[in-house]
There are 2 protein chains.
Amino acid sequence: MPVMLDATAADFETRFTALLSAKREDSPDVDDTVAAIIADIRARGDAALIELTAKFDRVALSPRTLRFSSAEIDALVAQVPQAERDALELAAERIRAYHERQMPQDASWTEESGATLGWRWTPVGAAGLYVPGGLASYPSSVLMNAIPAKVAGVERLAITVPTPDNKANPLVLLAARIAGVDEIYRVGGAQAIAALAYGTASIAPVDKITGPGNAYVAAAKRRVFGRVGIDMIAGPSEILVIADKGQNPDWIALDMLSQAEHDESAQAILITDDPALARDVAAAVAARLETLERRAIAGASWRDFGAIITVPDLATAAALSNRIAPEHLELCVADPDALSQRITHAGAIFLGAWTPEAIGDYVGGPNHVLPTARSARFSSGLSVVDFLKRTTLAKMTPESLRAIGPAAETLANAESLGAHGLSVRARLDHLNG
Amino acid sequence: MPVMLDATAADFETRFTALLSAKREDSPDVDDTVAAIIADIRARGDAALIELTAKFDRVALSPRTLRFSSAEIDALVAQVPQAERDALELAAERIRAYHERQMPQDASWTEESGATLGWRWTPVGAAGLYVPGGLASYPSSVLMNAIPAKVAGVERLAITVPTPDNKANPLVLLAARIAGVDEIYRVGGAQAIAALAYGTASIAPVDKITGPGNAYVAAAKRRVFGRVGIDMIAGPSEILVIADKGQNPDWIALDMLSQAEHDESAQAILITDDPALARDVAAAVAARLETLERRAIAGASWRDFGAIITVPDLATAAALSNRIAPEHLELCVADPDALSQRITHAGAIFLGAWTPEAIGDYVGGPNHVLPTARSARFSSGLSVVDFLKRTTLAKMTPESLRAIGPAAETLANAESLGAHGLSVRARLDHLNG
């Protein structure tokens, strides 16, 4: 049974704090293993990559077969049924349209003194996208990572996806093709991250690596951070539903289970001001768990980490939500726009009963790579900006240097940085002399 | 003597690659020490913080004196000479004006089907700024970190600054006051980072930590990343100057020395298409090094990591600059705007001979916290966006769910995520039924 909390109970604060700080994920300490794998790839390149792939994925590769050929991709994507192809195309089109609106603007302005200031955005040169193999090999994630990179203008986009026992997922390859991915390599794990970060004879290094992965992949991304940019280190998925009286309990149950089915460590929470709805949702979850295909996973998540919280009013619900800072927040209430104004920390908000979270996973348009584990307090979902960087611009004139140079000289000398001061002073003396 | 390279020489590629990959910084392995300090702060809070401060900074504190009182700050900032006060105020005003322009816009739009999409920006709730003690305790860095946070709307901004032997820097405290910092604690090192990330009885935890520090601070920031957001892990400072015929060699020498004087591991590079200027700058650096206050540091940096590269033309200079991806790039050329168009990777560009890099350190307006060690390939300087996060918004109508829901269901089923599909299907059935 999930935790049932009443926000008006005397022990609520203690129990809610316990819920907030519950550790949902075992992080096995794989750091030494990962360090050794990275060192091996750096030292021996392709040879190490091929050996590790044979060992972990049971696939025999050569430098020539590390990369999927165009013909192989053609053959695999031809297997995808038309309905799935159409659905991927629709998703890609909507994700592209949303992310195109995120493109930030360059700026430049000239002050009265003649100084010109501004900034300019440029794309990273090359990006690498990690795609897990096996169960969690999601074509939707390929779209969500690759499309923002392409919209940002990244020239070279490489994917690594392991193919355990030589099994490739045609839908992943089709998603990569639709998104405009340039290179696809059949490697995975920490060795794939190392190859992307440092390069091998067959895989040119990239500047930025994004995409989800297991503990080894996460540890490798942490280690190569600095050498390349990385996106976030994602934890298990979460959903918080805030619902008021009159909402459909079965829809809410399914929305909560749609996160719970991802992972036994996933978390689904309902906050409602209607005790009857709380009971009805609990019953609906139990009923749906009887027949759900992934009931073992979803049931474990619901049992171990699920929670239903009753509150006196929706303002309290919003305040608790802000402390949780959920990855996904559904506002299944009569006036979701008003309630949304009270939300200060959330990865993505789904407004109203007609917006199941699953829409956002696939075809809504916004990115489904979102901050987990309360990190929406300080970070955002993936966007085009993750594949861009800002160069600031400053251009002084003699007049503007006369106006602000002396202050720079004063501060430089106060910080005992003599050459800083002299670099300004030499120019001012020239102007005055 | 610095490295002298000729881009047309046969061995240039080898020597340039060696320059690019030269390791300038010893990273002492302090990770175990830092892990123990963090664990101690988490376990014992203030008591550990006070003990570690006594040990490392030789300052005896109590929970009541961890934080500077308003009266103490008043007394210290009263010592600051008026000229320095005026210079700080001017710098703060210009930095604030620049960063206010960076505030990103919220967006919301409604599609023909009735679906409303968009995003909203909100500030992090609390930010912590680390300020080093001793030699590298720069008031300008306080402004550069604190002002973007305040412009972003961060409600609570705390500073930690160690006061070894109980010596506080009045200019740092004044900068903090001018920037609107709310709390200042006299602690430093990994223990300060741990206190900011996890909180103690006296220091409430923050959501984001920024600011420079030594190897212990950097290792601590890496460790608490995920629990809180962090800015970059900064390396030693760098400048690249591209100059053409007729530029003033003494000004260029001073600009290069103004980075070299920061740190023996700093790097200053000149690229020019004029061999005579290359010789003149080398001579000017040598001459200025005779009298510079920080000649020991600047001289070591120039000797060990300085470089002068001659190129056949400015297009080659730009191409090499893009491979270096410098933190600071000065374009001391006749037409800096044209050359700037060729630059794809740089933290900040200073255009023309009237724009010494030192202007950007203090009063230009753009941030001086910039990506080092070639990370301008994938990251940007500090900005207001570092203290904001984006929440994406989606709101479907029955009509829009009818239009795109089936595609979501198809993809969910293709990914074997049954509850995802059912959460859409249940609503579509209701509409159809």
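Predicted model: local features only at pLDDT ≥ 70, side-chain atom pairs only at ≥ 80, totals over all residues.
Visitor: What makes the two copies related as by a two-fold rotation axis?

Guide: A rotation of 180° superposes chain B on chain A, with 0.0 Å of shift along the axis and an RMSD of 0.0 Å. The copies are therefore related as by a two-fold rotation axis.

Visitor: How do you know that the same surface serves both copies?

Guide: Look at the contact residues of chain B: 100% of them recur in chain A.

Visitor: Which domains is chain A divided into?

Guide: Domain 1 takes 3-25 + 235-364, domain 2 takes 31-74 + 102-115 + 123-230, and domain 3 takes 396-432.

Visitor: How do you know that domain 1 of chain A and domain 2 of chain A are in contact?

Guide: Contact calls for heavy atoms within 4.5 Å, and 5 residues of domain 1 of chain A are in contact with 4 residues of domain 2 of chain A. Their C-alpha centres lie 33 Å apart.

Visitor: What area is buried between these two domains of chain A, and which residues supply it on the domain 1 side?

Guide: About 340 Å² is buried, with carbon and sulfur atoms giving 54%. On the domain 1 side, A:His262, A:Arg294 and A:Tyr362 supply 72%, more than any other three residues.

Visitor: How many salt bridges does the rule find across this interface?

Guide: The rule asks for a Lys or Arg side-chain nitrogen within 4 Å of an Asp or Glu carboxyl oxygen, and it finds 0 between domain 1 and domain 2 of chain A. By class, the domain 1 side that touches domain 2 has 1 nonpolar, 2 polar and 2 charged residues.

Key
Residues numbered from 1 in each chain as written. Chains lettered and ligands numbered in written order. Heavy atoms only, no water. Least-squares fit on C-alpha atoms with pLDDT ≥ 70 in both. Domains from an automatic or database assignment. Buried area = accessible area lost by both parts, 1.4 Å probe. Nonpolar A, V, L, I, M, F, W, Y, C, P; charged D, E, K, R; others polar.
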